[in-house]
Amino acid sequence: MSLHDRDVLYEYLRSILYDEEPQQPNLSELDPAYAKFGRALQFLDASIQEMRSYSADLAEGNLNGPKPLEDNAFTHSLLKLEGQLRNVTTKAQRAARGDYSQHMDFIPEFSDAFNSIMDQIEELTERAKASQDSAKRAGLEMSSHDSLTGTYNRRYLMDHLRTFQLAGWPGSLCMVDLDGLGQVNDQFGHEQGDEYLKRLVELLSRSIRGSDTLARFGDDEFCLILPNCPTAVACTKMEGLLERFASAESPYACSFSFGVVELGGPNADRSVDDLVKMAERTLWDHKQAKRLAPAAAQGA
């Protein structure tokens with residue numbers, strides 16, 4: 001090799017390795033034997049330029065640029081890197097759409113941070129969902145329950161009673177009126193009046209079956225829906241509860257009045273409003289009978 005050919009090829013190799021745009025020599029001026037070596041350097045030049053262009057795209061986040069040839073050994077690792085970056089992109093896109101179950105094992109430090117973030121977001125999301133579900137359940141419960149006594153409210157009772165009537169189920173509707181609530185409020189205060197209400201609710205709640213329904217109908221009125229319970233049985237049951245209620249130790253007299261009407265049977269076609277009015281009339285009759293009882297006893 002002449003010194004000239006050596007210098008030309010050396011300078012070309014240096015330019016390939018260090019210059020952004022290598023200067024290709026005129027191989028026709030070289031000795032034929034070394035011009036062949038120069039053509040090998042041209043192939044190396046093309047492979048390295050392809051690697052530089054591809055790596056520049058990856059560095060800028062461009063995953064859709066021209067792909068290198070499969071026989072370019074310089075780009076094999078870069079192709080694997082592109083695959084990992086595409087995997088990272090896919091997982092990040094899924095996470096952006098709300099799928100926080102994404103995890104990766106790309107770069108250890110990056111993966112640990114990404115996975116930790118996803119775990120925290122997923123946990124926060126689950127907590128938020130649980131909180132929303134709890135709030136929803138609380139809202140539904142508030143819409144169907146009385147805030148003071150914890151029983152069902154009037155709206156729930158009426159809806160349930162309509163369902164009961166439409167199904168034609170037999171049973172009893174019992175209306176209960178707490179006697180003397182106004183007097184307790186006036187003499188002992190409204191806080192004690194609330195306790196009086198709760199005392200009645202506790203008695204009724206502990207005495208009914210799981211299939212029964214207890215609801216607050218008004219300020220001092222409650223209703224019971226008793227499936228498959230004849231009116232005679234319901235009346236006997238309520239009389240027993242009244243005795244227990246009246247015998248409880250208290251700074252004031254504890255008592256309630258009640259009225260019972262049949263559900264189903266002859267009343268199967270009656271409206272819910274009619275049933276409630278019937279229960280109110282029988283309750284009033286019971287209240288009047290209790291008021292007249294002491295006078296009748298004195299007259300005797």
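**Entry 1. Lys91.** I started with Lys91, which sits in helix H3, residues 76–96. Helices here are DSSP runs of H or I with at least four residues, strands are runs of E with at least two, and both are numbered from the N terminus. The model is predicted, so I kept its limits in mind: local features need pLDDT of at least 70, side-chain atom pairs count only at pLDDT 80 or more, and totals for chains, interfaces and linings use all residues. Residues are numbered from 1 along each chain as its sequence is written, and side-chain values use heavy atoms, with hydrogens and water left out.

Is Lys91 buried or exposed? Lys91 is buried, and it has no salt bridge. I use buried for under 20% relative accessible area, exposed for over 50%, and partly exposed for in between (1.4 Å probe, protein chains only). A salt bridge needs a side-chain nitrogen of Lys or Arg within 4 Å of a carboxyl oxygen of Asp or Glu. For charge, Lys and Arg count as positive, Asp and Glu as negative; His and the chain ends are not counted.

I then looked for what Lys91 does meet. A polar atom of its side chain lies 3.0 Å from the backbone oxygen of His103.

**Entry 2. Salt bridges.** How many salt bridges does the rule give? The count is 13. Side chains of opposite charge can pair when their charged atoms come close.

Glu82 and Lys67 form one, with the closest N and O atoms 3.6 Å apart. Glu82 is in helix H3 and Lys67 is in the loop between helix H2 (32–59) and H3, so this pair ties together parts 15 residues apart in sequence. Glu82 is buried at 7% relative accessibility. Lys67 is partly exposed at 41%.

Lys287 and Asp179 form another, with the closest N and O atoms 2.5 Å apart. This pair links distant parts of the chain. Lys287 is in helix H9, while Asp179 is in the loop between strand S1 (171–178) and H6, 108 residues apart. Both partners are buried: Lys287 has a relative accessible area of 11%, and Asp179 stands at 14%.

Lys198 and Glu195 meet at 4.0 Å, N to O. Both lie in helix H7, residues 190–207, three residues apart, about one turn of the helix. Lys198 is partly exposed at 34%, and Glu195 is partly exposed at 39%. I also noted a network: salt bridges that share partners join Asp177, Asp179, Lys287 and Lys290.

**Entry 3. The largest pocket.** Asp179 came up again here. The largest pocket has a volume of about 260 Å³. Of its 14 lining residues, the closest to the centre are Asp179, Gly180, Gln183, Ala253 and Ser255. A pocket is an open set of points on a 1 Å grid over the protein atoms alone, where a 1.4 Å probe fits, with protein on both sides within 12 Å along at least five of seven lines; lining residues have an atom within 4 Å of a point. The volume is the space filled by probe spheres set on the points.

Which helix supplies the largest share of the lining? H6 does, with four residues. Helix H6 (181–188) and helix H9 (272–299) each supply at least two. The lining divides into five nonpolar, five polar and four charged residues. Here Ala, Val, Leu, Ile, Met, Phe, Trp, Tyr, Cys and Pro are nonpolar, Asp, Glu, Lys and Arg are charged, and the others, Gly among them, are polar.

Entry 4. Pro108 lies in helix H4, residues 108–144. Pro108 is exposed at 54%. Its C-alpha atom is 52 Å from that of Pro32, 76 residues away along the chain.

Ser147 is in the loop between H4 and helix H5 (154–167). Ser147 is exposed at 78%. Ser147 and Pro66 are 81 residues apart in sequence and 69 Å apart, C-alpha to C-alpha.

Ala167 is in helix H5 and is partly exposed at 40%. Ala167 and Ala268 are 101 residues apart in sequence and 9.2 Å apart, C-alpha to C-alpha.

Last, I checked Asn228, in the loop between strand S3 (221–227) and helix H8 (231–246). Its phi is near 50°, a positive value in a residue other than glycine. Most residues other than glycine have a negative phi. Asn228 is exposed at 59%.

Terms used. A polar contact is a pair of N or O atoms within 3.5 Å; within protein, one must be able to donate a hydrogen and the other to accept it, and residues adjacent in sequence count only if both atoms are side-chain atoms.
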